[in-house]
Amino acid sequence: MELIGQGVVQALRLLASGDAEVWQITWLSLGISATATLLSLVVGIPLGTAVALTRFPGRGLAVSLINTGMGLPPVVVGLFVTIVLWRNGLLGMLELLYTPAAMVLAQLVIAAPIVTGLTLAAIQQVPEKFRLQLLALGASRAQMVWTLLKEARLPMLAAVMAGFGAVISEVGASLMVGGNIKGSTRVLTTATVLETSKGNFDTAIALSLILLLLMFLVNWALTWIQQGRRA
Amino acid sequence: MRTLLTLIALFALAGPAWAQSSTVILSTTTSTQDSGLLDVLVPMFEKKTGLTVKTISVGTGQALALAARGEADVTLAHAPSVERKYVEEGKLLNRRLVMYNDFVIIGPPEDPAKIKGLPKALDAMKRIAERRSRFVSRGDKSGTHTLELGLWKQAGVEPNGPWYIESGQGMGQTLGIANDRRAYTLTDRATWLAFQKRVSLPILVEKDKPLLNIYSVMEVNPANGPRVNTAGGKAFAEFILAPETQAVIRTFGMDKFGQPLFVPIAGRTDADFQ
């Protein structure tokens, strides 16, 4: 317990003193995970909407695959992305391994199924009658989809939060594809692992608390957008 | 998929800093990183040469395997027997000794296997196995694990059974487990010193020749894969063996632990430590 107290003090000290390395790590974590989440929206929303609104053979299988993807183990994603990005690998010529871009890619793979799956569920929970009504009132297909997305915006923001929460907190993939390089690919989670293995438990706790605070602030902002107009 | 590839291409274009010739990938062991030594040496090297080092700190087994696949340009490891195998296969080139520190056997103060003060590490290992006293192994193919397995082999012991616990984790976590289970374990001195505050297991056996922990630097054969930065790897190897770097290694750790953590040995050979 005393250790956690020390960690809290250390966290406050690091933040207040404007410790350059801690701030850099914090911004990098936010930047990588926010980019990955935004990209996952670009992939996940159209895909989830398409699967929700169309009927095709093998759709059940597709939905099951998406739902499985929502729980993809980060360490498995990390391993496969690493192998693809190796110099000997499929995309080796891009020289992306051990860069923030590689971490964005791995986090995108983790977040995209989550956003897809939750979008799918969000769109499907809008009653089918509503869709038919829109079409009957003369809405084009694009207008209908747009209205549905607006209707489903609350659960969709939940999808954003779930996607962001998954990637900012994962460590396995970031460690493998990023390499935890000081000043370049070290983020809050991987720095926490490193400080723990060094025996610097107070710093590790401080970094954990900073991560929790960051997650809270981001979710607070998203919740404000989600609930704002109603509150 | 096309969107994805376009994005990846964009990232690649946006990152001229990753051009291979200016980046050196160093695969190394966790101990060099956890001790803080590389945090001192890498910036020195970068300042001197203008190259950027990407340090990939993993267990020695993985560090060597990555280098052998051409996924790194230079490697700093501490598992001489495994290193020599890669050198014989021609995967790694120009193995040269850099420094050493030492391993110690630690355990609970009540010392159930009665190994305290034994001059020979092998005798200590034999007694631990005979008494079936709990022993925590790294179990991760790290340099420490490789050395531990070598000791068991020389002691003629096949370690298994409920007394033999494989943590599968780094040295720090393994020390924590040993402390918790009141077990014996083999650790490098630097990590043990770093964990003084959390681990109450004293050193029971030390300063025996087989407990020397020798670090070597090896360059990567460019034939191992595409895009190996041979010149960069060579530059790092030359740097770490240079007299000024060796002087920094000689005093590293004095401020924090009151004793140096490594002894520099550039220019010596394996024969000097047999």
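Reply: A crossing is left-handed if the near helix is turned anticlockwise from the far one by less than a right angle, and right-handed if clockwise. Please keep in mind that this is a predicted model.

Me: What is the hand of the crossing of α2(A) and α8(A)?
Reply: The axes of α2(A) and α8(A), the latter spanning residues 153–169 of chain A, come within 9 Å and cross at roughly 140°. Because an angle over 145 degrees would be needed for roughly antiparallel, α2(A) is oblique to α8(A). As for the hand, the crossing of α2(A) and α8(A) is right-handed.

Me: How do the residues of the contact of α2(A) with α8(A) divide into nonpolar, polar and charged?
Reply: On the side of α2(A), the residues that meet α8(A) include Ser29(A), Ser33(A) and Leu41(A), while those of α8(A) include Val160(A), Gly163(A) and Phe164(A). Taken together, the residues of this contact of α2(A) with α8(A) divide into 6 nonpolar, 5 polar and no charged.

Me: Is Gln173(B) buried, partly exposed or exposed?
Reply: Gln173(B) lies in helix α8 of chain B, residues 171–181, and, leaving aside its neighbours within four places in sequence, is in contact with Ser197(A) and Ser167(B). A residue needs 20 or more other C-beta atoms within 10 Å to be buried and 12 or fewer to be exposed. Since Gln173(B) has 17 C-beta neighbours inside 10 Å, Gln173(B) counts as partly exposed.

Me: Which element gives the most to the side of domain 1 of chain B that touches domain 2 of chain B?
Reply: Chain B is divided into domain 1 (23–101 + 213–273) and domain 2 (102–211), and their C-alpha centres lie 25 Å apart. Across the boundary, 18 residues of domain 1 of chain B are in contact with 16 residues of domain 2 of chain B, and those on the domain 1 side divide into 6 nonpolar, 11 polar and 1 charged. The element that gives the most to that side, with 3 residues, is α2(B).

Definitions and conventions:
Residues numbered from 1 in each chain as written. Chains lettered and ligands numbered in written order. Predicted model: local features only at pLDDT ≥ 70, side-chain atom pairs only at ≥ 80, totals over all residues. Domains from an automatic or database assignment. Contact = placed C-beta atoms within 7 Å. Helix = DSSP H or I, 4+ residues; strand = E, 2+ residues; numbered from the N terminus. Nonpolar A, V, L, I, M, F, W, Y, C, P; charged D, E, K, R; others polar. Axes fitted to C-alpha atoms, helices over the stretch in contact; angles between N-to-C directions. Parallel < 35°, antiparallel > 145°, perpendicular 65-115°, else oblique.
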